[in-house]
Amino acid sequence: MGVRRQVVAAVAVAAAAVLATAAPAQAAPTAVDTGPLTPVADVDVERYAGDWYQVAAIPAIFEIQCYKNVTARYDVQPDGTIGVRNTCRTIVGTTSAVTGRARSENPPADSALTVSFLKLGGRWIYLGGPNYVVIGLDPDYRWAVVGDPDRSTGFVLSREPALTGAQTAAAKAVLTANGYDLCDFRTTRQDGGGGAGSFC
């Protein structure tokens, strides 16, 4: 190697070393027990925020009043938590709504959260560890699959009232890979989407 090449190589190595030390270190996600579920590697909460339609879910007691049009709205709060507002239409045509708050249990990945609907003395009470684990997420944030470590709840969410065939297949594959029984899920009635039925 000539002198000129040696100088160029040395400069390149030095520059790479400077860039490596100047770049901010990527923090490892906080370790959190998500049981048998495998969270996605990373959730950009700003992109995840907004309105979602519930396309399918394991029937839950807290949605017993919901007949159709179950939706969720997520808003990033100044303190880094996420505001949650779930709404649906009842059988008599009224709107049912509940407001809560979610906090990340594995920052900066933000794929395992604890959602609380209990507020005492102006503070949200978070109990029991993560109960909202994002186990599937479309690269364009068009659909998501959310689970609970004990698999007592599960949700398939979409930015539209219905998923395409390919999106449905992808969501089902995520659920199966995480040990869910697809037949535990029921599709959700949505105006502009599908009706209630089996998801398997």
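Predicted model: local features only at pLDDT ≥ 70, side-chain atom pairs only at ≥ 80, totals over all residues.
Colleague: How much space lies in the largest pocket?

Modeller: A pocket is an open set of points on a 1 Å grid over the protein atoms alone, where a 1.4 Å probe fits, with protein on both sides within 12 Å along at least five of seven lines. Grid points are joined across faces, edges and corners, and a volume is the space filled by probe spheres set on the points. For the largest pocket that gives about 560 Å³.

Colleague: Which residues are closest to the centre of the largest pocket?

Modeller: Lining residues have an atom within 4 Å of a point. The largest pocket has 29 of them. Closest to its centre are F62, N86, V115, F117 and F155.

Colleague: Which strands each supply at least two residues of that lining?

Modeller: Strands are DSSP runs of E, at least two residues long, and helices are runs of H or I, at least four; both are numbered from the N terminus. For the largest pocket, the strands are β2 (68-76), β3 (82-89), β4 (95-104), β5 (112-116) and β10 (154-158).

Colleague: How many residues in the lining of the largest pocket are nonpolar?

Modeller: Ala, Val, Leu, Ile, Met, Phe, Trp, Tyr, Cys and Pro count as nonpolar; Asp, Glu, Lys and Arg count as charged; the others, Gly among them, are polar. The lining of the largest pocket has 10 polar and 2 charged residues. The nonpolar count is 17.

Colleague: Which elements give two or more residues to the lining of the second largest pocket?

Modeller: The second largest pocket holds about 280 Å³. Its lining has 16 residues, with E63, C66, R186, T187 and T188 nearest the centre. By class, 9 are nonpolar, 3 polar and 4 charged. The elements are β1 (50-57), β2 and β11 (186-187).

Colleague: Which residues lie closest to the centre of the largest cavity?

Modeller: A cavity is a set of grid points where the probe fits but cannot get out. The structure holds 1 cavity of 30 Å³ or more, and about 110 Å³ of space lies in the largest cavity. Closest to the centre are Y48, Y74, I82, L113 and Y132.

Colleague: Which residue in the turn between β2 and β3 has a positive phi?

Modeller: Two strands pair if DSSP finds at least two bridges between them. β2 and β3 run antiparallel, joined by 7 bridges, and V76 stands opposite I82. They form a hairpin with 5 residues between them. The residue with a positive phi, about 90°, is G80.

Colleague: What is the bridge partner of R85 in β4?

Modeller: β3 and β4 run antiparallel, joined by 8 bridges. Their hairpin has 5 residues between the strands, and G93 in the turn has a positive phi of about 90°. In β4, the partner of R85 is T99.

Colleague: Which residue of β11 stands opposite A57?

Modeller: β1 runs antiparallel to β2 over 4 bridges, and to β10 over 4 bridges. In β10, A57 has F155 as its bridge partner. β1 also pairs with β11 in the antiparallel sense over 2 bridges, where A57 stands opposite R186.

Colleague: How far apart are the end C-alpha atoms of α3?

Modeller: The expected span of a helix is 1.5 Å times one less than its number of residues. α3 (residues 165-177) has 13 residues, so it should span 18 Å. The end C-alpha atoms agree, at 18 Å apart.

Colleague: Which residues are exposed on the other side of α3 from the buried ones?

Modeller: A171, V174 and L175 are buried in α3. They cover an arc of only 95° around the axis, taken from the directions to the C-beta atoms, so they lie on the same side of α3. Exposed means over 50% relative accessible area. On the other side, the exposed residues are G165, A166 and A177.

Conventions: Residues numbered from 1 in each chain as written. Heavy atoms only, no water. Buried < 20%, exposed > 50% of the residue type's maximum accessible area, 1.4 Å probe, protein only.
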